[in-house]
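Me: I would like to go through a structure feature by feature, with the general idea set out before the particular case. Could we begin once the structure is in view?

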Amino acid sequence: MRIYSVIAALVSTAVLTFAPAVGSTQSFEITYLAPPGKPAREFPDPKRPVAEIVSPRRSTEQQRDAFDESGQLARLLAIKPGMTVGDIGAGSGYHTVRLSRLLGRAGHVIAQDVTQDYLNQLANRIKRLKLSNVRFALGEPHDPRLPPASLDVAILVHMYHEVAQPYAFLYNLAPALKHGARVGIVDLDRRISQHGTPLELLRCELAALGYRQIALHQLTGDAAYLAVFSPPNEANRKPPRDIVPCNVANR
Ligand SMILES: C[S@@+](CC[C@H](N)C(=O)[O-])C[C@H]1O[C@@H](n2cnc3c(N)ncnc32)[C@H](O)[C@@H]1O
């Protein structure tokens, strides 16, 4: 574990390098924060559709602020200054920006995504806003590539239906969570093709890995749910060969 942490620290120093400015937009070299976990080929196929990545955001930030989406998540997940929160599938950074302000100088946001271009645009936004507690992490569709025991909370907002390899993704996410950490998943209780994840399907896929649901909330003023899970520890995380894929209707 110590060698792994040293490698992760070395990788992370190379994480964000600034290239010369082009106009007001800069290019950033954003890469993985940790070595690869288990490869996708070891995991079962999800046996369900996966939504395409079509946008870095869900609706406008004004619409989301009107029902205080970020405040609701912070309260329901007990997010406090000084914590480290992973915004997995951060997109254009609606939550990253608001979390950065909430977490303060002693806390951190790790803004993670599989789309390099979205991360680059977000890095520009964060630089313009002069927010200094945000780190960026590139992920792979089956592996968030985050340092071990780095997160108090992981939020996955309107992105789970786009995760192409959910079993591998959840397996490789678990080691990044500290003891006692929570995973908050926000999505719409509707078909994957309509950019949602039916709740029954979500629960089944998380349970297949050993995640335990600890709360379920309906966001006020929005159609989305927030499902909160406790991740499995090393001892009770299902090994890939024991994962039974879900056979739940996608409706
Ligand atoms: C609809 S956007 C939502 C962005 C943001 N969370 C929000 O609520 O506005 C979905 C994001 O998830 C990202 N994404 C899709 N699959 C992913 C994966 N396996 N790991 C990390 N990010 C992923 C996409 O690139 C996209 O930025």
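This is a predicted model: local features need pLDDT of at least 70, side-chain atom pairs count only at pLDDT 80 or more; totals for chains, interfaces and linings use all residues.

Me: Where are Ala78 and Arg145 found, and is Ala78 buried or exposed?

Reply: Ala78 is found in the loop between α3 (69-76) and β3 (84-88), and because 11 other C-beta atoms lie within 10 Å, Ala78 is exposed. Arg145 lies in the loop between β5 and β6, but with 23 other C-beta atoms within 10 Å Arg145 is buried.

Me: How should I read the helix α5 itself, and which of its residues are buried?

Reply: The general idea is that an α-helix has 3.6 residues a turn, so residues three or four places apart point the same way. In α5 the buried residues are Tyr118, Leu119, Leu122, Ala123 and Ile126. Viewed down the axis of α5, these buried residues fall within an arc of 140 degrees, so they line one face of the helix. The face turned away from that buried side carries the exposed residues Asp117 and Arg128. As for length, the 13 residues of α5 (residues 116-128) should span 18 Å at 1.5 Å a residue, and the end C-alpha atoms are 19 Å apart, which agrees.

Me: How many of the ten residues of helix α4 are buried?

Reply: Eight of the ten residues of α4 (residues 94-103) are buried, so this helix is largely enclosed by the rest of the structure. The buried residues are Tyr94, His95, Thr96, Val97, Arg98, Leu99, Ser100 and Leu103. Just after α4, Gly104 takes a positive phi of about 75 degrees.

Me: Which residues of the largest nonpolar core touch the most other members?

Reply: That core has 62 residues, and Val85, Val153, Ala154, Leu156 and Leu170 touch the most other members. Leaving aside neighbours within four places in sequence, Val85 is in contact with Ile79, Leu99, Leu103, Val109, Leu151, Asp152, Val153 and Ile155; Leu99 and Leu103 in that list are also among the buried residues of α4.

Me: What should I look for in a loop residue such as His142?

Reply: His142 lies in the loop between β5 (134-138) and β6 (151-157), and counts as buried because it has 25 C-beta neighbours inside 10 Å. Beyond its neighbours within four places in sequence, His142 is in contact with Ala40, Gln165, Ala168, Phe169 and Asn172. Asn172 is 30 residues from His142 in sequence, yet their C-alpha atoms are 7.6 Å apart.

Me: Which residues come nearest to the ligand?

Reply: Of the 23 residues around the ligand, Gly89, Gly91, Thr115, Met159 and Glu162 come nearest. The shell divides into twelve nonpolar, seven polar and four charged residues.

Me: How many helices and strands does the chain have?

Reply: The chain has seven helices and nine strands, and buried residues make up 43% of its 251 residues. Among contacts between residues at least 6 apart in sequence, 74% join residues at least 24 apart.

Note on methods. Residues are numbered from 1 along each chain as its sequence is written. Helices (H or I, at least four residues) and strands (E, at least two) are DSSP runs, numbered from the N terminus. A residue is buried if 20 or more other C-beta atoms lie within 10 Å of its own, exposed if 12 or fewer, and partly exposed in between; C-beta atoms are placed from the backbone. Two residues are in contact if their C-beta atoms, placed from the backbone, lie within 7 Å. The expected span of a helix is 1.5 Å times one less than its number of residues. The arc is that of the directions from the helix axis to the C-beta atoms. A residue is near a molecule or strand if its C-beta atom, placed from the backbone, lies within 6 Å of it. Ala, Val, Leu, Ile, Met, Phe, Trp, Tyr, Cys and Pro count as nonpolar, Asp, Glu, Lys and Arg as charged, and the others, Gly among them, as polar. A nonpolar core is a set of buried Ala, Val, Leu, Ile, Met, Phe, Trp, Tyr and Cys residues joined through C-beta atoms within 7 Å.
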